[in-house]
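Please keep the model open while reading.

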Amino acid sequence: MEAYISGWLNLALRWLHIVAGAAWIGTSFYFNWLNHSLRPPDESKSGVSGELWAVHGGEFFRVEKFSGAPARMPRTLHWFKWEAYVTWLSGISLLILIYYLGADVFLVDAAVADLTPGAAVAFGVAIIAGAWFGYDLLCKAMNGGAGVAFTAVAAVLALALAWGLSQLFGSRAAYIHFGATLGTLMAANVFRVIIPSQKEMVAALTEGRESDPRTGRYAALRSLHNNYMTLPVLFVMVSNHYPFTYGHAWNWAVLLAISVIGVGTRHYFNLRHEGRNVRWILPAAALAMVALAMVTQPAPPQGGTSIANGAGVESVPFFEVQAIVAKRCTPCHSATPAQAGFAGAPSGLTLDTPDEIRLQAERIQAVAVDAQTMPLGNLTGITPEERALLGRWIASQRNK
């Protein structure tokens, strides 16, 4: 019953996280586009530095931007913050529910680092919290977080983060912590910089005084940082479905490469919104993805041969395959899992019968033979020889 309730809580939190995240990222994209799409107003208006006309849903809209504060406080002022807070709170709740409460299964991988579940959780919390303080100090020390030098330092730190996480946690947990760290920076930017800046602007207007223009500039920079972090975070959110990324021997480099491609893609659109169409960026990003796919192709399993079509691969008796699956896989991937903490088979994948094993052969190949990310943390102790045998059997099936 505990695992069943945990599963429903997981579903509710994940759904909330996706809905709130869509609202937050959509807002980030919209306001970044809006800020770069404003043009001088057709009619001169006091304090108005830009305006935008738009049509949507059969209606015309007119948006104005003030160079400072308006002459008076408007009756209704909309704030955009709860999208960020709910996204972060639901995401951290998922991290705790899945990776921290289930640290022995989802967080710790003895083949990566010999950590106790408690130590692994402590490392995870310290890294996420420490990243914010380090990032915030870096922004304050380097012109609020602007310029080529800041970008270069941030890139090096992102590389160090991706590599360090891959040396501490299981591969999926390392990716999730990278995304959780970026998400925390984004939410903290809203909570600690952007919203306080807006409150100061409102207070200055209410009290009839000038606000410090640097406050707004630094908040705008943090908002821009958030905009660039969105695509790497979105990739992490879906990465669990692609074991050839997190399961690669150089998984940290794959993570960083895809993040850089995401940042580059976002940069193209940001420049385009400013009226600068740098055409080579998107083709370069696409070529980078193709190159990454080519250099990360999995090697043949240990002790096996090429498995492209199964040619020349020795036949493996099915009863040996079934014995390995029963011992190493079905403790989790069963209609009635024996592994504690599982109310049902992960991803609904069951391997109880010969037909189910044969049907899922390619998935077994992807996660147990190529990426070697299953079993999670190798809880059931599958050996390299057993992985190779599974690979040879799957290869032999392709000729039938």
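The count of disulfides (a pair of cysteine sulfur atoms within 2.5 Å) comes to zero. Cys329 is in no disulfide, and the nearest cysteine sulfur, that of Cys332, is 9.0 Å away. Cys329 is buried at 13% relative accessible area, and Cys332 is buried at 15%. Buried means under 20% relative accessible area, exposed over 50%, and partly exposed in between, with a 1.4 Å probe and protein chains only.

This is a predicted model: local features need pLDDT of at least 70, side-chain atom pairs count only at pLDDT 80 or more, and totals for chains, interfaces and linings use all residues. Residues are numbered from 1 along each chain as its sequence is written, and side-chain values use heavy atoms, leaving out hydrogens and water.

The structure holds eight salt bridges, each a side-chain nitrogen of Lys or Arg within 4 Å of a carboxyl oxygen of Asp or Glu.

| Salt bridge | Closest N and O atoms |
|---|---|
| Glu51 and Arg62 | 2.9 Å |
| Glu200 and Arg209 | 2.8 Å |

Helices (H or I, at least four residues) and strands (E, at least two) are DSSP runs, numbered from the N terminus.

The Glu51 pair spans two strands: Glu51 sits in β1 and Arg62 in β2, eleven residues apart. Glu51 is buried at 4% relative accessibility, whereas Arg62 is partly exposed at 36%. Strands β1 (residues 48-56) and β2 (residues 59-66) run antiparallel, joined by eight bridges; pairing requires at least two DSSP bridges. Glu51 has Glu64 as its bridge partner in β2. Two residues lie between the strands of this hairpin, where Gly57 takes a positive phi near 60°.

Now the nonpolar packing. The largest nonpolar core has 55 residues, of which Leu95, Leu107 and Phe178 touch the most other members. Such a core is a set of buried Ala, Val, Leu, Ile, Met, Phe, Trp, Tyr and Cys residues joined through side-chain atoms within 4.5 Å. Helix α6 gives the most to this core, with 15 residues.

Which helix gives the most to the nonpolar patch? Helix α7 (residues 213-238) does, with three residues. Leu234 is found in α7 and is partly exposed at 31% relative accessibility.
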